[in-house]
Amino acid sequence: MWLQREIRLDPHPRGFHLVTGEVVGALPELRDVRAGLMHLFIRHTSASLTLNENASPDVRRDFESWFNDAVAEDAPYWTHTDEGPDDMPAHIKASLLGPSLSLPVSDGRLALGTWQGIYLCEHRDRGGSRSVLATLHGE
Amino acid sequence: MWLQREIRLDPHPRGFHLVTGEVVGALPELRDVRAGLMHLFIRHTSASLTLNENASPDVRRDFESWFNDAVAEDAPYWTHTDEGPDDMPAHIKASLLGPSLSLPVSDGRLALGTWQGIYLCEHRDRGGSRSVLATLHGE
Amino acid sequence: MWLQREIRLDPHPRGFHLVTGEVVGALPELRDVRAGLMHLFIRHTSASLTLNENASPDVRRDFESWFNDAVAEDAPYWTHTDEGPDDMPAHIKASLLGPSLSLPVSDGRLALGTWQGIYLCEHRDRGGSRSVLATLHGE
């Protein structure tokens, strides 16, 4: 069984956002999969997807702080600066976290750990709506 | 062919640990796959999986040094500090390395390069046993 | 449908290189896949694969600058130094970016976003030719 569906995520402000509910809600066919994988792929180069702690908003705020510190907007070596100071750091952050997640599906549900949630990582000041292509595959 | 199995990894001290043998040993069905993929998924947010050099213990020690330097426990911006100074850095490290590996399987074996081994990356001081969900899929 | 094929990438100088055309050209069977996934796996521990902006060469140059700054060759804590100053940083960079990409395939084409291209990330001064194992799977 193969299913592909585009999920349009609403615009989010720069930062890290929990979107597990939005993603699972868009894929009711998960229920029919006994064993399989769900692949999520963000079709952009300045936003990314990761999995992390799903309870404390301060974890997501600290993610934003660390990434801003590690990939500084005012680094002296940037040459790709035409699209604003948040653009090139957004590209680096997007590759550090990656454009996709592959998540196991078991008995009709995502087999996440208790504390795991899906983050949309918005690295631009004004990234707008983001497109995620979901590929669900299993038996 | 789909197979899912939980692998319980013994508690490891903070650091980077080669677990290729432990993982492959838990999946004798690899032998029956001519072409496919093995997906490994760690169900935690403060430990991760990566692939790297499988020979020199000093490589794994240098991994720990670099990650401790890049994600400092005493950074002034952490707000999520209730669970100890190693907790928030562990979450960042886990997302930088990622919760999963997808590895090709060819002719009954993991098709790794000569020098590639599977690392369990334990980012907590006392992380305890870790659960990895393996999904093997192929023909 | 499962297909596995090794793609030998020509030697590239240290840095980030767009190889989308080379990879897609080696897999004409993509045309026959209505819905599926293409898995690319680099069989090395000092080179990696990522997805990022496919238009401006200055983005790829800035990637090299940031990674050299973040993973310094002269960090005082390296102990694995036998193979030269570029070796241990190459291992760290390889794990930060990761050894594989899973890309959705729709209607006979890679379903990448407009600006997404496949990068070969060569982290060694003289890495030589690199082997990528492609696994194409779909219906």
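Buried means under 20% relative accessible area, exposed means over 50%, and partly exposed lies in between. The model used in these exercises is predicted.

**Exercise 1. Classify A:Arg5 by accessibility, then describe its salt bridge.**

Step 1. A:Arg5 has a relative accessibility of 27%.

Step 2. The salt-bridge partner of A:Arg5 is A:Glu29. Their closest N and O atoms are 2.6 Å apart.

Step 3. A:Arg5 sits in strand β1 (residues 2–9) of chain A. A:Glu29 sits in the loop between α1 (20–25) and β3 (35–42) of chain A. The pair links distant parts of the chain, 24 residues apart.

**Exercise 2. Which residue forms a salt bridge with A:Glu73, and which network includes A:Glu73?**

Step 1. A:Glu73 bridges to A:Arg14, with 2.7 Å between the closest N and O atoms.

Step 2. Locate the ends. A:Glu73 is in the loop between α2 (57–70) and α3 (87–97) of chain A. A:Arg14 is in the loop between β1 and β2 (15–18) of chain A. They are 59 residues apart.

Step 3. Check accessibility. A:Glu73 has a relative accessible area of 32%, so A:Glu73 is partly exposed. A:Arg14, at 22%, is partly exposed.

Step 4. Widen the view. A salt-bridge network links A:Arg14 and A:Glu73 with A:Glu64 and A:Asp125.

**Exercise 3. Are A:Asp86 and A:Arg124 buried or exposed, and which parts of chain A do they tie together?**

Step 1. A:Asp86 and A:Arg124 form a salt bridge, their closest N and O atoms 2.9 Å apart.

Step 2. A:Asp86 belongs to the loop between α2 and α3 of chain A. A:Arg124 belongs to the loop between β7 (116–122) and β8 (130–138) of chain A. The pair therefore ties together parts 38 residues apart in sequence.

Step 3. Both A:Asp86 and A:Arg124 are buried.

Step 4. Over all chains, the structure holds 27 salt bridges.

**Exercise 4. Describe how α2(B) packs with α3(C).**

Step 1. Helix α2 (residues 57–70) of chain B meets helix α3 (residues 87–97) of chain C at about 70 degrees. Their axes are 10 Å apart.

Step 2. Angles of 65 to 115 degrees count as roughly perpendicular. So α2(B) and α3(C) are roughly perpendicular. Their crossing is right-handed.

Step 3. List the contact residues. From α2(B) come B:Val59, B:Asp62, B:Phe63, B:Trp66 and B:Phe67. From α3(C) come C:Met88, C:His91, C:Ile92, C:Ser95 and C:Leu96.

Notes
Residues numbered from 1 in each chain as written. Chains lettered and ligands numbered in written order. Predicted model: local features only at pLDDT ≥ 70, side-chain atom pairs only at ≥ 80, totals over all residues. Heavy atoms only, no water. Axes fitted to C-alpha atoms, helices over the stretch in contact; angles between N-to-C directions. Helix = DSSP H or I, 4+ residues; strand = E, 2+ residues; numbered from the N terminus. Parallel < 35°, antiparallel > 145°, perpendicular 65-115°, else oblique. Left-handed = near helix turned anticlockwise from the far one by under 90°. Contact = heavy atoms within 4.5 Å. Salt bridge = Lys/Arg side-chain N within 4 Å of Asp/Glu carboxyl O. Buried < 20%, exposed > 50% of the residue type's maximum accessible area, 1.4 Å probe, protein only.
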